[in-house]
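Colleague: Before I rely on any of the labels in your annotation, I would like to go through them with you one at a time. Please set each value against the definition behind it.

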Amino acid sequence: ATSRLSFIRTWRRGRLIRQREVHGVKSNLKVLLRMLSVSPYCRMPLRVHIFDASVRFDMLPQLEETRQLPAHIVVTQGTFDELEAVCA
């Protein structure tokens, strides 16, 4: 089966380039988790706060990328007020 890729054309430094377009929460989470597992992000003391409980407890554990996160990166779930209390 062939996968169909969708591309976005953008200008960068005076020339046209193609970037792959990412769709949906699951795809965006995968991209975020991959970013957090590589340098320089893997060395930063970061926190991932998810507002939607179903994403945190149903979708996130099913993703392979979750198991590749550095142990020091904390994943939490809650409201914006709870996030604000942690960060303040």
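Colleague: Which residues does Leu-46 touch, not counting those up to four places away in sequence?

Modeller: With that exclusion, Leu-46 touches Leu-36, Tyr-41, His-72, Ile-73 and Val-74, where contact means heavy atoms within 4.5 Å. Bear in mind that this is a predicted model, in which local features need pLDDT of at least 70 and side-chain atom pairs count only at pLDDT 80 or more, while totals for chains, interfaces and linings use all residues. Residues are numbered from 1 along each chain as its sequence is written, and side-chain values use heavy atoms, with hydrogens and water left out.

Colleague: Where is Leu-46 found, and why does Leu-46 count as partly exposed?

Modeller: Leu-46 is found in the loop between helix 1 and strand 3; helices (H or I, at least four residues) and strands (E, at least two) are DSSP runs, numbered from the N terminus. Buried means under 20% relative accessible area and exposed over 50%, with partly exposed in between (1.4 Å probe, protein chains only), so the 28% of Leu-46 puts this residue in the partly exposed class.

Colleague: How many salt bridges does a search of the whole structure find?

Modeller: The search finds 2, and among them is Glu-64 with Arg-67, whose closest N and O atoms are 3.1 Å apart. Glu-64 has a relative accessible area of 45% and is therefore partly exposed, while Arg-67, at 54%, is exposed.

Colleague: What does the side chain of Arg-67 reach at 3.3 Å?

Modeller: That side chain reaches the backbone oxygen of Pro-61, which qualifies as a polar contact because the term covers a pair of N or O atoms within 3.5 Å; within protein, one must be able to donate a hydrogen and the other to accept it, and residues adjacent in sequence count only if both atoms are side-chain atoms. Arg-67 itself lies in the loop between helix 2 and strand 4. Another polar contact joins the side chains of Thr-76 and His-49 at 2.7 Å, with Thr-76 placed in strand 4.

Colleague: How many disulfides does a search of the whole structure find?

Modeller: The search finds 0, a disulfide being defined as a pair of cysteine sulfur atoms within 2.5 Å. Cys-42 is partly exposed, with a relative accessible area of 22%, and Cys-87 is exposed, with 59%.

Colleague: Which residues make the nonpolar surface patch of about 380 Å²?

Modeller: Val-31, Met-35, Val-38, Tyr-41 and Met-44 make it. Patches are made of residues with over 30% relative accessible area and no salt bridge, like charges being joined within 9 Å and nonpolar side chains (Val, Leu, Ile, Met, Phe, Trp, Tyr) within 5 Å; the areas come from the Shrake-Rupley method with a 1.4 Å probe, and for residues only the protein chains shown count as cover. Met-35 is in helix 1 (residues 24-36), and at 38% relative accessibility counts as partly exposed.

Colleague: What joins Ser-39 and Pro-40?

Modeller: A cis peptide bond joins them, with omega about 5°, and Pro-40 lies in the loop between helix 1 and strand 3 (47-50). In general, most peptide bonds are trans.

Technical notes: Salt bridge = Lys/Arg side-chain N within 4 Å of Asp/Glu carboxyl O.
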